[in-house]
Amino acid sequence: MLSSQTTSQKTNAEIDYVEVARELAAQFATRAAHYDQQAAIPHENARALMESGYTAMTVPVAHGGGGVSLLTLCRAQEVLAAGCASTAWMVNMHVHGLAILNFVASRDLEWAYNEVVHHRGFLAGGFSEPGVGGNWWYPTTQAQRVPGGYVLNGRKTFFTGFPVANMLFLSAAVKDDRGVSQALGFVVPKKERGIRVEREWDGCGMRATGSHSLVLEEFFVADKYVVGNPGDVPVLFMRNVHWAWCSFASVFVGIAAGALQYTTEVVKKRQLKVLRKSLAHLPGIQFRIADMKVKLAAARANLYAAARKEFRENDDPLAHYIEISAMKTRTCQLSYEVVLQALRVMGGSGYAQACPIQRMYRDVTAGLLMPPSADMALEWVGKHALGIPVLGDPRWGE
Ligand SMILES: Cc1cc2nc3c(=O)[nH]c(=O)nc-3n(C[C@H](O)[C@H](O)[C@H](O)COP(=O)(O)OP(=O)(O)OC[C@H]3O[C@@H](n4cnc5c(N)ncnc54)[C@H](O)[C@@H]3O)c2cc1C
């Protein structure tokens with residue numbers, strides 16, 4: 001239960017989402033180890049997020065939501081992730097997915113907003129595929145035109161939050177009149193027919209995210225669930241990429257912040273007989289804590305500078321995409337380094353199942369693997385700086 005101060009009597013637009021995150025994170029932290037060990041789906045956490053109004057934070061105010069800024073979203077997600085990174089990652093796909101959709105298709109999404117605000121709607125997003133990896137713009141899932149809609153066939157991997165979702169945001173390739181494939185987006189109510197879980201998520205980290213692998217078999221999607229136009233996806237995504245990459249990074253910054261806090265508390269208390277003082281008196285520990293603090297501050301500065309930036313009409317979408325990709329790559333690397341230091345500060349006890357640092361370490365490594373691939377981000381940063389075309393490369397299509 002949340003304190004009545006936090007949400008009751010308030011409209012979603014009046015809620016302090018960072019405060020809600022703080023209260024929920026404290027609850028979620030008490031069961032994070034259980035869900036991690038079992039690789040189980042934290043349905044009770046998802047319910048708490050829905051009941052608190054948290055899942056409505058990025059629904060536009062005009063549709064009954066919170067209409068929060070990206071900065072608020074990142075701050076709230078950072079706080080939530082320090083309690084339970086898996087839960088924060090799961091709801092991240094929902095909150096940032098809705099935010100991006102607002103810019104693409106808000107008029108067509110009244111049904112989805114209504115679901116979220118009044119019926120505990122929860123969105124999961126599936127763009128990764130075995131033959132695509134993190135190169136989301138080129139789906140291999142095929143969408144075939146049929147009367148009244150499309151029939152989708154293909155595979156989706158890492159579909160975070162699928163077990164709790166009742167709405168799916170996914171992509172597929174549709175062929176135009178010339179036979180050229182274009183990516184098309186869909187937001188569709190989840191239904192039994194046409195989607196099968198091929199493999200349940202059992203990962204090294206982010207274990208409680210239900211990031212299942214799915215098969216789409218003759219999955220019919222009616223026209224009203226199409227978002228945008230064929231071929232719009234790459235540019236629309238570039239223009240709104242800050243909602244994706246900043247929100248991703250905020251989760252990993254949150255894990256780093258949680259690790260620093262936990263480790264600081266432990267070294268202040270833990271005494272070794274040989275020292276006759278707490279571990280906090282060791283210069284090595286002091287330097288490592290300092291290093292964690294400095295890296296966390298740099299990660300936050302990087303993230304929050306990006307989250308404050310608006311994309312303006314005349315901005316170059318590619319330059320924007322590259323800048324935000326560089327931010328995500330650096331922020332996630334710094335967050336990883338903070339948690340690695342936490343492990344070293346803790347010593348072997350940090351490696352034991354009983355210690356949350358080992359979970360945080362496994363969870364934070366996922367930030368290094370999330371799109372954009374660090375290799376791709378750096379390649380694009382370098383090419384862009386040197387005036388070498390990025391999108392003309394045959395690997396990316398024209
Ligand atoms: C816990 C977790 C949850 C996730 N949740 C979701 C989700 O909800 N929805 C979703 O769509 N996806 C999700 N993903 C997937 C994620 O977005 C990436 O797509 C995925 O991690 C990529 O993995 P892959 O094995 O396909 O790697 P690939 O992307 O195939 O990468 C393999 C290697 O190739 C390199 N590489 C790939 N492409 C390029 C390139 N263009 N240029 C240079 N190098 C390249 C990479 O750097 C890497 O070294 C999740 C992943 C994880 C780990």
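Start by selecting Ala 39, which is found in the loop between H2 and helix H3 (43–52), where helices (H or I, at least four residues) and strands (E, at least two) are DSSP runs numbered from the N terminus. Ala 39 has a positive phi of about 50° although it is not a glycine. Most residues other than glycine have a negative phi, and most peptide bonds are trans.

The model is predicted, so that local features need pLDDT of at least 70 and side-chain atom pairs count only at pLDDT 80 or more, while totals for chains, interfaces and linings use all residues. Residues are numbered from 1 along each chain as its sequence is written, and side-chain values use heavy atoms, with hydrogens and water left out.

Next, colour the chain by domain: domain 1 covers 12–122, domain 2 covers 125–229 and domain 3 covers 240–396, with bounds that come from an automatic or database domain assignment.

Now show domain 1 together with domain 3, whose C-alpha centres lie 22 Å apart. Across this boundary, 26 residues of domain 1 are in contact (heavy atoms within 4.5 Å) with 26 residues of domain 3. The two domains bury about 2200 Å² between them, 67% of it from carbon and sulfur atoms; buried area here is the accessible area (1.4 Å probe) that two parts lose on being put together, summed over both. On the domain 1 side, select Leu 70, Glu 78 and Trp 89, which lose the most area to domain 3 and together make up 30% of what that side buries.

Select Arg 362 and Asp 36, which form a salt bridge whose closest N and O atoms are 2.7 Å apart. Helix H2 (32–38), helix H4 (70–83) and helix H5 (85–105) each supply at least two residues of the side of domain 1 that touches domain 3, and H4 gives the most, with 10 residues.

Because Glu 78 lies in helix H4 and Arg 300 in helix H9 (residues 283–308), the pair ties together parts that are 222 residues apart in sequence. The structure as a whole holds 16 salt bridges.

Move on to Phe 127 and Phe 169, an edge-to-face aromatic pair at 5.0 Å centre to centre, with 90° between the planes. Rings of Phe, Tyr and Trp (its six-membered ring) pair if their centres lie within 6.5 Å, and planes under 30 degrees apart count as stacked, over 60 as edge-to-face and the rest as tilted.

Finish at Pro 372, in the loop between helix H11 (356–369) and helix H12 (374–386), where the peptide bond from Pro 371 to Pro 372 is cis, with omega near -5°.

Terms used
A salt bridge is a side-chain nitrogen of Lys or Arg within 4 Å of a carboxyl oxygen of Asp or Glu.
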